[in-house]
Amino acid sequence: MSGLKTNNAVIRWIEYRLPIFSFLDHAVGSGYPAPRNLNYWWNYGSLAGLALVIMILTGIMLAMQYTAHVAFAFDSVERIMRDVNFGWLIRYIHMNGGSFFFVVVYIHIFRGLYYGSYKAPRELLWILGVAILVLMMASAFMGYVLPWGQMSFWAATVITNLFSAIPLVGESIVTWLWGGFAVGNPTLNRFYALHYLLPFVIVGAVILHIWALHRFGSNNPLGIEANGPQDKIPFHPYYTAKDAFGFGVFLLLFAAIVFFAPNSLGEPDNYIPANPLSTPAHIVPEWYFLPYYAILRAIPDKLLGVIAMFGSILILFVLPWIDRSPVRSAKFRPIYKQFFWIFLADCILLGYIGSKPPAGMFLIIGRIATAYYFLHFVIVFVLSYVERPRPLPNSIGEAVLKGGGAPAMGKAREKA
Amino acid sequence: MNPSAEVRALSSTEVDLQPVEVGQRITVVWRGKPIFIDHRPQKAIDEARGVPLDDLPDPQTDEERVKKAEWLIMIGICTHLGCIPKGQAPGDPVGEFGGWFCPCHGSHYDTAGRIRKGPAPKNLFIPPYDFSTDTSIVIG
């Protein structure tokens, strides 16, 4: 069964008892055939994996030095920055690693939206991905609380108070989350416990994600299934090499931020120790939460605002059933393609609005952008019935081998 | 994960109101929460009592919210998402209704601590308290 061929006696001995080498070979090696036409947008899955590993490794090192107590947390983080050997580097990697993790994952998600990677038979793969996003958001939020600066404290207060919007039981739930009558030491302790736990839950979800991926293999820029072996190439060495190149570019940019602008993505207010009696004038979340924050603030009703905010993510879970078009790739969906870019622009606009105070024009634009965010899914549903897709190529191989083939032809047609 | 015994056992807070001048607002801590104490001038009381109840998102008369008209005692936590509204220190923004203003998401409270404008659904909460003497209170 396992096609592993090796002259190494040790590997043969292990493989016979625990077929781990053939398992790896089928997972990320030469035994895993991948579509031959994957472009660089397919690098972001492996990049997300790299970011997760970086976060876990630096996180464990930080945990060895951190103290989860309201009286010591802030000082212990400052001690990491000043006294611990390379503590500043480890913390800056962890801090900015979170941002880079989100950059990579957001690009990965929009890749999926553009090329229709969420469609049958990859619905569960997509759902697991959205679940990973939700877990990441929870981890990132709880990690942000740990330094116990002003932004940490007030982020914890505002986010836990979201649950107070739930009718009847809301207040009790918030007290239960806090372990007290306000955000305090019990809150910090449990956030630390969960912040350590959740990344490993993410690892579990990632394993399921990859498992589901390998059932049908990667989608591809054409969005059509491979007809046979002529449409595929082995993952190793072709995509391991391509991914390694992506790692290099990613690490260059990452290092540039870590070494030259480590605080550019954060809020300076978080270097003020938490003060439960004074709210900073402008509370803003980290950039990767800004679009959701804008949606929350766009709606003048507390409960509806919270519902809209959570709904903006939850709607992604059912996207495979909202978009009923049989054609996956936006390459062959002329109208969907335009709405995709409008949707992307809308999300970026929401992010910008989320960073501004909720008044005047910002509030009005925020409301329009929020309405459009949800309208997009209605448009996607309607489009799946009214849009006439372009003809699909017969096979990946044909498209690739015709000297530029269909993808290039697609581009020529766009220009015309 | 509910509060442990030592958290629940947090005692009440006693406050001497003697040194608080008319028009002065002070903040004390009870159960880890800020308590706003406002020694209201007559103008603020009149303003609060002059408002028709129909104008209020969470209708409550000023009389229901105080034990003595000149002393407004409230939990200083915005009922939206838990920020501390501005208005306690001189020079703070007090919002369009002369009371308190929450900078997080823009809720305006009036001189009785009632929500008038913005996303907060409720008036600022009133803690349980009693006047132990004419010029001191026990909260809790």
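How many bridges pair strand 2 of chain B with strand 3 of chain B? In this predicted model, the count is six, and the two strands run antiparallel. Strand 2 covers residues 25–30. One facing pair is Ile26(B) and Ile37(B), the latter in strand 3 of chain B. The hairpin of these two strands has two residues between them, and there Arg31(B) takes a positive phi near 50 degrees.

Strand 3 of chain B also pairs with strand 4 (residues 71–75) of chain B, again antiparallel, through five bridges. Here Ile37(B) has Ile73(B) as its bridge partner.

Now take the burial of strand 3. In a regular strand, side chains alternate between the two faces of the sheet. In strand 3 of chain B, Lys33(B), Ile35(B), Ile37(B) and His39(B) point one way. Pro34(B), Phe36(B) and Asp38(B) point the other way, and all are buried. Because seven of its seven residues are buried, strand 3 of chain B is largely enclosed by the rest of the structure.

Chain B also holds an open sheet of three strands, ordered 5-6-7 with antiparallel pairing. Strand 5 (98–102) and strand 7 (115–117) are at the edges, each with a single partner strand, so one side of each lacks a neighbour in the sheet. Neighbouring strands are turned by 35 degrees against each other on average, direction ignored. Strands 6 and 7 of chain B share two bridges. His108(B) is partnered with Lys117(B) in strand 7.

Helix 1 (residues 9–17) and helix 2 (residues 20–28) of chain A pack at about 90 degrees, with axes 7 Å apart. That angle makes them roughly perpendicular. Ile11(A), Ile14(A) and Glu15(A) of helix 1 meet Ile20(A), Phe21(A) and Ser22(A) of helix 2. The contact residues are four nonpolar, one polar and one charged.

Technical notes. Residues are numbered from 1 along each chain as its sequence is written. Chains are lettered from A and ligands numbered from 1 in the order in which they are written. This is a predicted model: local features need pLDDT of at least 70, side-chain atom pairs count only at pLDDT 80 or more; totals for chains, interfaces and linings use all residues. Side-chain values use heavy atoms; hydrogens and water are left out. Axes are lines fitted to C-alpha atoms, for helices over the stretch in contact, and angles run from 0 to 180 degrees between N-to-C directions. Helices (H or I, at least four residues) and strands (E, at least two) are DSSP runs, numbered from the N terminus. Angles under 35 degrees count as roughly parallel, over 145 as roughly antiparallel, 65 to 115 as roughly perpendicular and the rest as oblique. Contact means heavy atoms within 4.5 Å. Ala, Val, Leu, Ile, Met, Phe, Trp, Tyr, Cys and Pro count as nonpolar, Asp, Glu, Lys and Arg as charged, and the others, Gly among them, as polar. Two strands pair if DSSP finds at least two bridges between them. Buried means under 20% relative accessible area, exposed over 50%, partly exposed in between (1.4 Å probe, protein chains only).
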